[in-house]
Amino acid sequence: MLRFPSIADLLPVLLRTALPLLLVASTASAAPLDLPALIECRQGVAKHAALAPLLADPLKAVAHGLQPLPQGNQFMSEYRLASPITVFGQQTERVAVAGASIMAVLDQADPRPLARQLALEIGYDQDGKFMAGRELVSRDVTDPKTGEAQIESIILSVSTVASHPGRTLAGCTYSLDLPAEDEGPAATAPAADGH
C-alpha cells in the first residue's frame with residue numbers, strides 16, 4: 001500500500017531547511033539603520049550607499065521608520081522619523097537627503113554655534129545663507145568589482161537653506177570620486193606603443 005507522508009512526518013525536515021532561511025531573511029531585512037552614525041559621519045561610503053535603495057522605495061523607508069514628507073525643496077527629500085534621534089547633542093524628528101548628503105533638520109535658527117562646536121570652516125556666511133564644513137576622511141580605495149582607483153571622501157557640514165527658515169541642517173556627505181587626471185595611474189603609465 002502506498003503511504004504519503006503526513007505533516008507530522010515532514011515537520012522536522014521543514015524546520016531544518018526553512019527555518020534557517022527565514023531567520024537569515026528576517027535578520028537581513030531587519031538590519032538596523034543607524035541614522036545618527038550616518039549623519040555624524042561615523043559610517044563609511046558603503047553604509048551610506050545602502051540607504052539609497054531603501055529611500056527609493058517608500059514602503060521600505062516607512063518600514064525603517066522614515067515617513068516621506070512633501071517636498072518643500074526641489075533639491076532634497078525630507079523624512080519624519082518614527083522615533084526621534086539625537087545628533088550633535090540635539091534631538092530631531094526630521095532628516096533630509098540631498099544627493100550624497102544625509103542631514104538632520106535641527107530646530108536651531110543660528111547655525112554658527114554648532115559649526116564652532118564641530119570645528120568647521122566657514123565657506124559662506126552672507127545674506128542669510130550659511131555653509132560650513134570640514135573633510136574628515138580622504139583616502140585612496142580600490143573598487144572591489146573593477147579594481148579601479150577611487151578616493152573616498154567624508155565631509156561634515158552645517159548649513160541653512162531658504163526653504164527651512166529658523167532651522168539648521170547638519171550632517172554628512174559621503175562620496176567616491178575618481179582621482180584627478182594628473183594623479184591617476186593612467187597619467188604616469190607609458191604609452192601603449194612604447195613611445
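In the hairpin formed by E5 and E6, where two residues lie between the strands, Asp127 takes a positive phi near 55 degrees. The model is predicted, so that local features need pLDDT of at least 70 and side-chain atom pairs count only at pLDDT 80 or more, while totals for chains, interfaces and linings use all residues. Residues are numbered from 1 along each chain as its sequence is written, and side-chain values use heavy atoms, with hydrogens and water left out.

The secondary structure of the protein chain comes to seven helices and eight strands; helices (H or I, at least four residues) and strands (E, at least two) are DSSP runs, numbered from the N terminus. Of the 195 residues in the protein chain, 33% count as buried, where buried means under 20% relative accessible area, exposed means over 50%, and partly exposed lies in between (1.4 Å probe, protein chains only). Among contacts (heavy atoms within 4.5 Å) between residues at least 6 apart in sequence, 50% join residues at least 24 apart.

An open sheet of eight strands has the order E1-E2-E3-E4-E8-E7-E6-E5, and its pairing is antiparallel; two strands pair if DSSP finds at least two bridges between them. The edge strands, each of which pairs on one side only, are strand E1 (66-68) and strand E5 (121-126). On average, and with direction ignored, neighbouring strands of this sheet are turned by 25 degrees against each other, the axes being lines fitted to C-alpha atoms (for helices over the stretch in contact) and the angles running from 0 to 180 degrees between N-to-C directions.

At the E5 end of this order, E5 and E6 run antiparallel and are joined by five bridges, with Ile122 standing opposite Ala132 in E6. Eleven bridges join E6 to E7, again in the antiparallel sense, and here Gly133 stands opposite Ser157 in E7. The hairpin of E6 and E7 has six residues between the strands, and in this hairpin Gly147 takes a positive phi near 80 degrees. E7 in turn pairs with strand E8 (residues 168-177) over nine antiparallel bridges, and the bridge partner of Ser153 in E8 is Ser175.

Most residues other than glycine have a negative phi. Phe88 counts as buried because its relative accessibility is 9%. Ala119 likewise has a positive phi, near 55 degrees, and is found in the loop between helix H6 (112-117) and E5; with a relative accessible area of 49%, Ala119 is partly exposed.

The second largest pocket holds about 190 Å³ of space. On a 1 Å grid over the protein atoms alone, a cavity is a set of points where a 1.4 Å probe fits but cannot get out, whereas a pocket is an open set with protein on both sides within 12 Å along at least five of seven lines, and lining residues have an atom within 4 Å of a point. Grid points are joined across faces, edges and corners, and a volume is the space filled by probe spheres set on the points. The lining of the second largest pocket includes Val45, Val141, Asp143, Lys145, Glu152 and Leu176, and the elements that give two or more residues to this lining are helix H3 (45-49), strand E6 (129-142) and strand E7 (149-159).
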